[in-house]
Amino acid sequence: MRIGIYPGTFDPITFGHSDIIRRALAVVDRLVIGVALDSAKEPLFSVDRRAELVQQETVNMGLDSTRIVVRPFSGLL
């Protein structure tokens, strides 16, 4: 199984992010989207809310939710 990871702050998720997610799913079996808590930035939304927004967007895109995992994280990747 090919697993890819796509980290970012996603503050907020954009069309560019969505494009990368679609393209990544063309080459991996499962995609882990890591929503970063970056203390160096002042995000518009909390890390949990950004993770929810990313999850909602993947559903809105009509993607196979069994192939996508969205998780907030902090620290080194």
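This is a predicted model: local features need pLDDT of at least 70, side-chain atom pairs count only at pLDDT 80 or more; totals for chains, interfaces and linings use all residues.

**Reading the sheet**

Modeller: Strand S1 spans residues 3-8. Its covered face carries Gly4, Tyr6 and Gly8. Ile3, Ile5 and Pro7 make up the uncovered face.

Colleague: Which strand do the bridges join to S1, and how many are there?

Modeller: Two strands count as paired if at least two bridges link them. Here 6 bridges join S1 to strand S2, residues 30-36, and the two run parallel. Glycine 4 stands opposite leucine 31 in S2. Glycine 8 has valine 35 of S2 as its bridge partner.

Colleague: What is the order of the strands in the sheet?

Modeller: The sheet is open, with 3 strands ordered S1-S2-S3 and parallel pairing. S1 and strand S3 (68-73) are at the edges with a single partner strand each, so one side of each has no neighbour in the sheet. On average, neighbouring strands are turned by 20 degrees against each other, direction ignored.

Colleague: Now the helices. Which helix makes a β-α-β unit with S1 and S2, and what is the hand of that unit?

Modeller: For the hand, follow the path from strand over helix to strand. S1, helix H1 (residues 15-25) and S2 make the unit, and it is right-handed.

Colleague: Which strands do H1 and helix H2 lie across?

Modeller: H1 lies across S1, S2 and S3, at about 150 degrees to S2. Helix H2, residues 47-60, lies across S2 and S3. H2 also runs at about 150 degrees to S2.

Technical notes. Residues are numbered from 1 along each chain as its sequence is written. Side-chain values use heavy atoms; hydrogens and water are left out. Buried means under 20% relative accessible area, exposed over 50%, partly exposed in between (1.4 Å probe, protein chains only). Helices (H or I, at least four residues) and strands (E, at least two) are DSSP runs, numbered from the N terminus. A crossover is right-handed if, with the strands pointing away from the viewer, the path from the first strand over the helix to the second runs clockwise. Axes are lines fitted to C-alpha atoms, for helices over the stretch in contact, and angles run from 0 to 180 degrees between N-to-C directions. Contact means heavy atoms within 4.5 Å.
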